[in-house]
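Let us read a few features together, one question at a time.

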Amino acid sequence: MASIARCLRSARPSGFSLVKSSPIAARVRPFSVSATVLEKRYTKEHEWVDLSADKKTAVIGISEYAAAALGDVVFVELPEVGKAVQAGDPVGAVESVKSAADINSPVSCKVTAVNTLLEEKPGTINQLPEDDSRGGGWVVKAKVDEAGATEFEALMTEEQYGEFTASSEGEDSH
């Protein structure tokens, strides 16, 4: 199966510009959650990861950019709890009306929980793709070791990711 980034390039018509929507409700996070999270980081394949302050647990999902580009998500495949993955390995898949893509892990980790809500209501990933609260579009929660914490540091910050997606849109319109 193709990565999300590859599917986005083929699914989006040239000249099409994605406008990043940022509804206030999707950006508001409970104080108790925010206090334990460092910084959200992103991959070039449009996945995100939140790493806890102690660098031992993480939440993984797809970016708002990817969710918008994929269109209406109709199916989400989740991994088995307990599955150990390396950075870049699939931790699930997403199928939309436009395409299907793997969801790859940004860091090496062991899956400790999956968002079963996505199996029942896959469209949640479109509505709240970067929300890691109950009812949000996160995909997996995981235990991270030292290697995963180190891999996290090499990922793009939110600002870098914004620049990356802006430059990707410019390339697609040529």
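Q: Which exposed residues does the face of α7 turned away from its buried side carry?

A: This is a predicted model, in which local features need pLDDT of at least 70 and side-chain atom pairs count only at pLDDT 80 or more, while totals for chains, interfaces and linings use all residues. Residues are numbered from 1 along each chain as its sequence is written, and side-chain values use heavy atoms, with hydrogens and water left out. Helices (H or I, at least four residues) and strands (E, at least two) are DSSP runs, numbered from the N terminus. Buried means under 20% relative accessible area, exposed over 50%, and partly exposed in between, with a 1.4 Å probe and protein chains only. Here, that outward face of α7 carries Glu-146 and Thr-150.

Q: And which residues of α7 are buried?

A: In α7, residues 146-153, the buried ones are Gly-148, Ala-149 and Phe-152. Viewed down the helix axis they fall within an arc of 100°, so they line one face of α7. That arc is taken from the directions from the helix axis to the C-beta atoms.

Q: What caps the N-terminal end of α7?

A: Asp-145 does: one of its side-chain oxygens lies 3.1 Å from the backbone nitrogen of Ala-147.

Q: Where is Ser-108 found, and with which residues is it in contact, leaving aside neighbours within four places in sequence?

A: Contact means heavy atoms within 4.5 Å. Ser-108 is in the loop between β7 and β8 (109-114), and its contacts beyond those neighbours include Asp-145 and Gly-148. Ser-108 counts as buried because its relative accessibility is 5%.

Q: With which side chain does the side chain of Ser-108 make a polar contact?

A: A polar contact is a pair of N or O atoms within 3.5 Å; within protein, one must be able to donate a hydrogen and the other to accept it, and residues adjacent in sequence count only if both atoms are side-chain atoms. The partner is the side chain of Gln-86, at 3.2 Å. The Ser-108 side chain also reaches the backbone nitrogen of Ala-87 at 3.2 Å.

Q: How should I read the open sheet, and in what order do its 3 strands come?

A: Strands of a sheet pair through backbone hydrogen bonds, either parallel or antiparallel. Two strands count as paired if DSSP finds at least two bridges between them. In this sheet the order is β4-β6-β7, with antiparallel pairing. β4 (73-77) and β7 stand at the edges with a single partner strand each, so one side of each has no neighbour in the sheet. β4 and β6 pair over 4 bridges, and Val-73 stands opposite Ser-96 in β6.

Q: Which residue lies 49 residues from Val-73 in sequence but 5.8 Å away in space?

A: That is Pro-122, with the distance taken C-alpha to C-alpha. Pro-122 lies in the loop between α5 (117-120) and α6 (124-127), and its relative accessible area of 13% is why it counts as buried.

Q: Are the faces of β2 covered or uncovered?

A: Both are covered: Glu-47, Val-49 and Leu-51 are buried on one side, and Trp-48, Asp-50 and Ser-52 on the other. β2 pairs with β3 (residues 57-62) in the antiparallel sense over 5 bridges, where Val-49 stands opposite Ile-60. In their hairpin, with 4 residues between the strands, Lys-55 takes a positive phi near 60°.
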